[in-house]
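Hi,

Here is the structure I said I would pass on. Have a look at it first, then read my notes below.

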Amino acid sequence: RISREEGNPARLELRERQRENERTFATVKKMPFMLDNREFVVRQLWTSEEGKMTIAVESVDYEVDYGTALRTTRGSTKGFWIAEDLPLRGGAKQCRVTLVQQLNSGGVIPTWAVD
């Protein structure tokens with residue numbers, strides 16, 4: 001299905017679940033003209049405790065049937081998010097979000113497309 005949020009050709013949740021706090025997603029990201037779209041298949045695991053949530057992401061080597069032929073190049077990623085509550089400031093709730101991510105877009109992307 002088309003990802004309406006970002007206009008990408010596909011975003012699917014795969015139904016093979018190992019644990020309650022684990023999901024696997026396949027996403028095809030739209031790339032500029034003359035470049036193959038990029039496919040990412042990632043597993044997300046999360047944990048939460050009082051005032052803190054951590055989400056870990058890693059690419060997995062699953063083959064995905066999108067129901068149609070898509071010309072894609074497989075990319076890979078790994079990383080994590082941490083969301084932590086901070087003390088109230090002026091009566092308003094605050095939080096800190098930290099993202100650390102490494103991404104390999106796969107294939108070759110010319111300089112003109114990156115800049």
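**What I found**

Let's start with a hairpin: strand 6 and strand 7 make one, with two residues between them, and glycine 90 in the turn has a positive phi of about 65 degrees. Before you go further, keep in mind that this is a predicted model.

Now for the surface. Trp81, Val97 and Leu99 make a nonpolar patch of about 280 Å². Leucine 99 sits in strand 7 (residues 92-104). It counts as partly exposed because its relative accessibility is 47%, and partly exposed covers the range between under 20% (buried) and over 50% (exposed).

On the inside, the largest nonpolar core has eight residues: Ala10, Leu14, Ala26, Val28, Val41, Val60, Val64 and Tyr66. Strand 1 (10-14) and strand 2 each supply at least two residues of this core.

One more thing to find in strand 2 (residues 22-29) is arginine 23. Is arginine 23 buried or exposed? Arginine 23 is buried, since its relative accessible area is 15%. A polar atom of its side chain lies 3.0 Å from the backbone oxygen of glutamate 20.

Cheers

Conventions
Residues are numbered from 1 along each chain as its sequence is written. This is a predicted model: local features need pLDDT of at least 70, side-chain atom pairs count only at pLDDT 80 or more; totals for chains, interfaces and linings use all residues. Side-chain values use heavy atoms; hydrogens and water are left out. Patches are made of residues with over 30% relative accessible area and no salt bridge: like charges are joined within 9 Å, nonpolar side chains (Val, Leu, Ile, Met, Phe, Trp, Tyr) within 5 Å. Accessible areas come from the Shrake-Rupley method with a 1.4 Å probe; for residues, only the protein chains shown count as cover. A salt bridge is a side-chain nitrogen of Lys or Arg within 4 Å of a carboxyl oxygen of Asp or Glu. Helices (H or I, at least four residues) and strands (E, at least two) are DSSP runs, numbered from the N terminus. Buried means under 20% relative accessible area, exposed over 50%, partly exposed in between (1.4 Å probe, protein chains only). A polar contact is a pair of N or O atoms within 3.5 Å; within protein, one must be able to donate a hydrogen and the other to accept it, and residues adjacent in sequence count only if both atoms are side-chain atoms. A nonpolar core is a set of buried Ala, Val, Leu, Ile, Met, Phe, Trp, Tyr and Cys residues joined through side-chain atoms within 4.5 Å. Two strands pair if DSSP finds at least two bridges between them.
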